Amino acid sequence: MSKVIGIDLGTSNSVIAVVENGEPIVITNAEGDRTTPSVVSFHNNEYLVGKFAKNQRIMNSKGTISSVKRKMGKREQIDLLGNKHFPEEISAKILQKLKRDAEAYLGMPITKAVITVPAYFDNDQREATKKSGEIAGLEVIRIINEPTAAVLAYGLNKKSNGLILVYDFGGGTFDTSILEVSDGVFEVKSTSGDTYLGGDDLDNAVYDFLIQQEPLNTLNIDNQIKSRLMEAVEKAKIELSSTNTTTINLPFISTNENGPIHFEYTLTRPKFEEIIMPFVMKTKKSVDQALQDANLSTNDIDEVVLVGGSTRIPLVQQKVKEWLGKEPCRGVNPDEVVALGAAIQASILTGDTTDIVLLDVTPLTLSVETLGGRATPMINRNATIPCSVTEIFTTAKDMQTSVEIHIVQGERAMASDNKSLGRFMLEGIPPAPARLPQIEVTFDIDANGILSVSAKDKGTGKEQKITITGSSTLTDDEVAKMIEDAKKYEEEDRKKKEEVERKLKIESTVYSAQRLSLIHISEPTRLLSISYAVFCLK
Ligand code: ADP
Ligand code: MG
């Protein structure tokens, strides 16, 4: 039987894994490495992927793209020396290489994969990830959240019931997720993070420090010098995770009238820690936010899982332990743990492993615009997915023959303050007095986190449906900002909403008084709609 591989398609690095003889293992790539830089470069009329592309990033910066994951789900094109590509195509090039390397390693064709994405990825980003797989010739049988994969790899779902905090500090991003495990079922309770915080920032900070040292501070730093220096900096950083000092040695870095110039600098771990401390401290904010969102304190956390190459840094491990008062789980390499979990998920789906059920959550509230411009929640933020919610709405005007379903995402009370995900009209409702037609609106999020919304006129059976794609991509910075804004404007929003409700109440009493015999509503608790207005009959 053909194997299904697990892929961690990372911002900085990607990893492939597979379950062999019941054990998940990392597949080494064609270069003999266990991780592959998620970098694509157009060089000498061909595309390079991985390590060789990463080597091009400074000398051939216009032909090289890294961190394409941040652009997933966006309509923008990436120009590599005149060759234009959508983000999906660039990701597909990375996936193609991973597929090829896995095929060479396993000695069989690979056509199916489970791919991981950050828990905060929205519909477009998940759809785009699936599409990348398709372009690369891989059927993506499931998209799963990275923290969920990490917990699977640790087998924590089997060992214990409880709350697990996943701290993921990678190359370009930082995420905290809190998962709850009970009887083999697990659920993401909250997620929080920063899409622009990772190992790259640490490298840049060390680089900035080094160029102030003799003799670099006297040189004109061209791309060639920068390229060599950046490579040396990352190497030094990695070395300092296991040694106390490291020497950065760059002979012949430049020349002047006296001959060649060499650069040598011994970086100690304490100096390195001093340089990176502000970045490490920044991660604490997200940890606190995730705890707060899940309504938990550090004492409630039973297990801590470290994910991402940057958690190999002793200072990071020490701080996490200090903040959470707990020794993090050990035993699985933090930069491989997500791919291993994806491989386990793949084996669950192919029936090789049967004892686990997966549940994930939505990062933001999904609402429909209702009468007066309010956002009426259908699926709450951090709700477990897959899920489906149906509510009944009705028209607000007499002889209203169409309603517009406007779907928004966010925590604000008014629809216009949230992010618009899409809208559609349901037409052909037979003319009737207001509130008589029954319109069934369903929000459905599948196991991959992709949202479909349908509206059905119960009278005629007429139905309209959309799957949310298009202009709706949110980074977790935006998610964080939307949550922050919701808090900031809470009071103002509440007033606006109350004002709308007050007005509507007056209108609604008028309607009720006039048409009492016609309306079959026991409890019109929420006004739903749609540019013309509707009632929720729930
Ligand atoms: P991502 O998931 O963001 O794609 P990874 O989890 O692979 O990336 O993390 C990559 C980052 O980890 C890079 O910045 C890399 O320099 C850093 N890294 C890898 N190994 C070590 C190490 N031993 N010590 C410190 N940093 C490391
Ligand atoms: Mg990662």
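An oxygen atom of ligand 1 lies 2.8 Å from a polar backbone atom of Gly-171. This is a polar contact, defined as a pair of N or O atoms within 3.5 Å; within protein, one atom must be able to donate a hydrogen and the other to accept it, and residues adjacent in sequence count only if both atoms are side-chain atoms. The model is predicted: local features need pLDDT of at least 70, side-chain atom pairs count only at pLDDT 80 or more, and totals for chains, interfaces and linings use all residues. Residues are numbered from 1 along each chain as its sequence is written, chains are lettered from A and ligands numbered from 1 in the order in which they are written, and side-chain values use heavy atoms, with hydrogens and water left out.

Two further backbone contacts reach ligand 1. A backbone N or O atom of Thr-11 is 3.2 Å from an oxygen atom of the ligand. For Ser-310, the distance from a polar backbone atom to a ligand oxygen is 3.3 Å. On its own, ligand 1 has 580 Å² of accessible area, and the protein covers 90% of that area (Shrake-Rupley method, 1.4 Å probe; for residues, only the protein chains shown count as cover).

The shell around ligand 1 holds 18 residues (a heavy atom within 4 Å). Ser-12, Asn-13, Glu-234, Lys-237 and Ser-241 come nearest. By class, 12 shell residues are polar, four charged and two nonpolar. Asp, Glu, Lys and Arg count as charged; Ala, Val, Leu, Ile, Met, Phe, Trp, Tyr, Cys and Pro as nonpolar; the others, Gly among them, as polar. Helix α7 (residues 223-239) gives the most to the shell, with three residues. Helices (H or I, at least four residues) and strands (E, at least two) are DSSP runs, numbered from the N terminus.

An open, antiparallel sheet has the strand order β6-β5-β7. Pairing requires at least two DSSP bridges. Strands β6 and β7 (64-66) are at the edges with a single partner each, so one side of each lacks a neighbour in the sheet. Four bridges join β5 (residues 39-43) to β6 (residues 46-49). Ser-41 stands opposite Leu-48 in β6. Two residues separate the strands of this hairpin, where Asn-44 takes a positive phi near 50°.

The structure holds 21 salt bridges (a side-chain nitrogen of Lys or Arg within 4 Å of a carboxyl oxygen of Asp or Glu). One of them joins Asp-335 to Arg-312, with the closest N and O atoms 2.8 Å apart. Asp-335 lies in the loop between α9 (314-324) and α10 (337-349), and Arg-312 in the loop between β17 (303-307) and α9. The pair is 23 residues apart and links distant parts of the chain.
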